[in-house]
Amino acid sequence: IVGAHGFEFTKSVTTTDVAIKVPKQNDPYAGTIDDGGKLRPLSGVEQRWVLDALVSQGNTEMTLLHLLALATGARIQTALTFRVGHVQRWTDEELQKPTHSELHVPVGPGTGIDTKRNKRMVLHVPVWLARALFTYVHSERAISRRALAKRGDIPQQYLFLTRYGMPFYSSREDTRTFDPSNKLRQPIKGQSVRKFMGEVIIPHIRSKFNPEFRYQFHDLRASFGMNLTDKQLALVERKKRSLSQVREFVKVRMGHESASVTDRYLQFRGNLTHVLQVQDDHDTYLLELAEKAGLL
């Protein structure tokens, strides 16, 4: 083994053949979806709570960041490595499309936007959100932040920057590039975003709506997935699409490598309803027993 100071030394390790590795179990009734981690889709009401908190704080970057995740399913590394050029290249013709139309943004290797496991895929950005991002890019607020950034106001600059011109997330390319002026002990990986959520958004919601509310950024991706799934399953009920078509549609939009992950979204509502019904029936049964026993 090579130690912290570069010296080699040996270490004896005793092992046996009785160690048994237990595979991770996915509980479909836990109220979460296993999609690169245990994600909890926020209900429609909870999503409105988050947006209410964001609007009340007036932080444009955090609001647009959350909307980008909720509207496209982008992971934090994807949303935070969007570049100015990706927005500036949208034409007036594209931005004048109907509000609910979508603009396609390739992400992954070669695009400047990071993805999980360097996977190439396409994000579908609603035109209404594209307009908001386009307005932001040309705003005085965004321009002043880019003026403070290391590389200045160029198309390759990050779309979202702090008030000091610092990125919220360092892309893979930037992390691999040697920077002699860098004094940070660890790469920037969205820490300030999570801090804002924990110190501002969650306390606001807990004080105003629900004292037990919690969420993590990747829950926004799961929320997008469930919003998408619910709309598609509604089409299945109206006989406008088949279940196999919906499965493939959700799989592509979410960028899933395995359809088994997509199935967790398709089954989530049914599993959750089943759990709530079983719990309600069980609670009713216990209540009846307690009443018969004269405990109430």
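Biologist: How many helices and strands does the secondary structure of the protein come to?

Modeller: The model is predicted, and the protein has 296 residues, of which 40% count as buried. Among contacts between residues at least 6 apart in sequence, 61% join residues at least 24 apart. The secondary structure amounts to 12 helices and 4 strands.

Biologist: Which residues does Trp90 touch, not counting residues up to four places away in sequence?

Modeller: In soluble globular proteins, nonpolar side chains tend to be buried together. With residues up to four places away in sequence not counted, Trp90 touches Leu95, Leu103, Val105, Val125, Ala130, Leu133 and Phe134.

Biologist: What is included in the cover over the buried residues of H9?

Modeller: An α-helix has 3.6 residues a turn, so residues three or four places apart point the same way. In H9, the buried residues are Val193, Phe196, Met197, Ile201, Ile202, His204 and Ile205. What covers these residues includes H1, H2 and H3.

Biologist: Why does His204 count as buried, and with which residues is it in contact beyond its neighbours within four places in sequence?

Modeller: His204 lies in helix H9. It counts as buried because its relative accessibility is 17%, where the limit is under 20%. Leaving aside neighbours within four places in sequence, His204 is in contact with Asp52, Ala53, Ser56 and Gln57.

Biologist: Which residue of E4 is the bridge partner of Val105?

Modeller: In a regular strand the side chains alternate between the two faces of the sheet. E3 has a covered face of Leu103, Val105 and Val107, and an uncovered face of Glu102, His104 and Pro106. E3 and E4 run antiparallel and are joined by 6 bridges. The bridge partner of Val105 in E4 is Leu123.

Biologist: Is Arg117 buried or exposed?

Modeller: Most residues other than glycine have a negative phi, and most peptide bonds are trans. Arg117, although not a glycine, has a positive phi of about 55 degrees, and this residue lies in the loop between E3 and E4. Because its relative accessible area is 61%, Arg117 is exposed.

Biologist: What is the relative accessibility of Asn118?

Modeller: Asn118 is placed in the loop between E3 and E4. Asn118 also has a positive phi of about 55 degrees without being a glycine. This residue counts as partly exposed because its relative accessibility is 36%.

Biologist: Which backbone oxygen does the side chain of Thr81 reach?

Modeller: Thr81 is found in the loop between H3 and H4, and it counts as buried because its relative accessibility is 0%. Leaving aside neighbours within four places in sequence, Thr81 is in contact with Gly112, Ile113, Asp114, Tyr158, Tyr169 and Ser171. At 2.5 Å, its side chain reaches the backbone oxygen of Gln77.

Biologist: How many Å apart in space are Gln47 and Ser223, C-alpha to C-alpha?

Modeller: Gln47 is found in helix H1, and it is buried because its relative accessible area is 11%. A polar atom of its side chain lies 2.9 Å from the backbone oxygen of Leu42. Not counting residues up to four places away in sequence, Gln47 touches Leu42, Leu70, Ser223 and Asn227. Gln47 and Ser223 are 176 residues apart in sequence, and their C-alpha to C-alpha distance is 8.2 Å.

Notes
Residues are numbered from 1 along each chain as its sequence is written. This is a predicted model: local features need pLDDT of at least 70, side-chain atom pairs count only at pLDDT 80 or more; totals for chains, interfaces and linings use all residues. Side-chain values use heavy atoms; hydrogens and water are left out. Contact means heavy atoms within 4.5 Å. Buried means under 20% relative accessible area, exposed over 50%, partly exposed in between (1.4 Å probe, protein chains only). Helices (H or I, at least four residues) and strands (E, at least two) are DSSP runs, numbered from the N terminus. Two strands pair if DSSP finds at least two bridges between them. A polar contact is a pair of N or O atoms within 3.5 Å; within protein, one must be able to donate a hydrogen and the other to accept it, and residues adjacent in sequence count only if both atoms are side-chain atoms.
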